[in-house]
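Please read this note with the model open beside you. Each point can be checked on screen.

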Amino acid sequence: MRRLVIALMGLVAMALSAAPASAQLSSTVYEGQSIPLSIPVTASVGGRCQFATNGAPTGSFDAGLIDQVTWSHDFGFTIDCNTAARVAVVSLNGGLKAPTTVSDPGYLGLAPYTVTLNLDGNTVDTNASCLVETLKATAAGPCSFRGPASTTAGLRLAGPSQNQTQSYLRVSAPAYTGPGTLISSNAYADTLTITIAAAP
């Protein structure tokens, strides 16, 4: 939000013409003389923060056989902020979730993974990692960047960032070895939503 405050010269000039000069000024001005008149002009610019044009995080990734291989993928993005910012993440499922429910003891339909958030600023960078289960909207566990983002929620980048290209969200996990056994499915899935807010 931008706010501009201007002391208008027209109002001052009207006041000068509506009353004798001696009532408006502390000294008399004669022909050929001048007196300085200060007219303050002030302004302010509010904090603005967004994902840069064509720089929003997007895409998808197929992790493959998550019980057999270690996997990792980065989703890059660019932020455009004239002030400090906060970026936050919410997980839909709190893990890679199978489309079918599980009733057999010892078998699971939800696979954990880690989410790492790295923010690239003009002069400072910051990063943090959380288990995806702590990023679900209803999660009770602590995570420094569970969203949605606000002036107080999300990973804080303590300064502006323009055209810095090293911000990313990383998803990763070692091959799943337990506890329990994951049910067979080729449709484990999760959706991450990333939001951003100015945080002066």
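1. **Source.** This is a predicted model, in which local features need pLDDT of at least 70 and side-chain atom pairs count only at pLDDT 80 or more, while totals for chains, interfaces and linings use all residues. Residues are numbered from 1 along each chain as its sequence is written, and side-chain values use heavy atoms, with hydrogens and water left out.

2. **Strand β10.** Start with β10, residues 114-120. Strands (E, at least two residues) and helices (H or I, at least four) are DSSP runs, numbered from the N terminus. Is β10 largely enclosed or open? Six of its seven residues are buried, so β10 is largely enclosed by the rest of the structure. Buried means under 20% relative accessible area, exposed means over 50%, and partly exposed lies in between (1.4 Å probe, protein chains only).

3. **Partners of β10.** Two strands pair if DSSP finds at least two bridges between them. β10 and β11 run antiparallel and are joined by seven bridges. A hairpin of four residues leads from β10 to β11. Look at Leu 117: it stands opposite Ala 128 in β11. Likewise, Asp 120 stands opposite Asp 125 in β11. β10 also pairs with β13, again in the antiparallel sense, over five bridges. Here Val 115 has Val 171 of β13 as its bridge partner.

4. **Two faces of β11.** Which residues of β11 make up its covered face? They are Thr 126, Ala 128 and Cys 130. The uncovered face holds Asp 125, Asn 127, Ser 129 and Leu 131. Asn 127 is exposed, with a relative accessible area of 52%. The C-alpha atom of Asn 127 is 9.0 Å from that of Arg 156, a residue 29 positions away along the chain.

5. **Two buried threonines.** Thr 116 belongs to strand β10. Thr 116 is buried, at 11% relative accessible area. Its side chain makes a polar contact of 2.7 Å with the side chain of Ser 129. A polar contact is a pair of N or O atoms within 3.5 Å; within protein, one must be able to donate a hydrogen and the other to accept it, and residues adjacent in sequence count only if both atoms are side-chain atoms. Thr 134 sits in the loop between β11 and β12. Thr 134 is buried too, at 10%. A polar atom of the Thr 134 side chain lies 2.7 Å from the backbone oxygen of Leu 131.

6. **First disulfide.** How many disulfides does the model have? The count is two, where a disulfide is a pair of cysteine sulfur atoms within 2.5 Å. One joins Cys 49 to Cys 81, with the sulfur atoms 1.8 Å apart. This pair links distant parts of the chain: Cys 49 is in strand β3 (residues 49-51) and Cys 81 is in strand β5 (residues 79-81), 32 residues apart. The torsion about the S-S bond of Cys 49 and Cys 81 is about 60 degrees, so this disulfide is right-handed. Cys 49 and Cys 81 are both buried.

7. Cys 130 is bonded to Cys 143, S to S 2.1 Å. Cys 130 lies in strand β11 (residues 125-131), and Cys 143 in the loop between β11 and β12 (155-157), 13 residues apart. The link of Cys 130 and Cys 143 is right-handed, with 95 degrees about the S-S bond. Cys 130 and Cys 143 are both buried. With the bonded cysteines numbered in sequence order, the pairing reads 1-2, 3-4.

8. **Largest pocket.** Rolling a probe the size of a water molecule over the atoms shows where empty space is left. On a 1 Å grid over the protein atoms alone, a pocket is an open set of points where a 1.4 Å probe fits, with protein on both sides within 12 Å along at least five of seven lines. What is the volume of the largest pocket? The volume is about 750 Å³, counted as the space filled by probe spheres set on the points, which are joined across faces, edges and corners.

9. **Pocket lining.** Lining residues have an atom within 4 Å of a point. The largest pocket has 29 of them, and Phe 61, Leu 96, Tyr 188, Ala 189 and Asp 190 lie nearest its centre. The lining divides into 18 nonpolar, eight polar and three charged residues. Ala, Val, Leu, Ile, Met, Phe, Trp, Tyr, Cys and Pro count as nonpolar, Asp, Glu, Lys and Arg as charged, and the others, Gly among them, as polar. Strands β4 (71-77), β13 (167-173) and β15 (192-198) each supply at least two lining residues.
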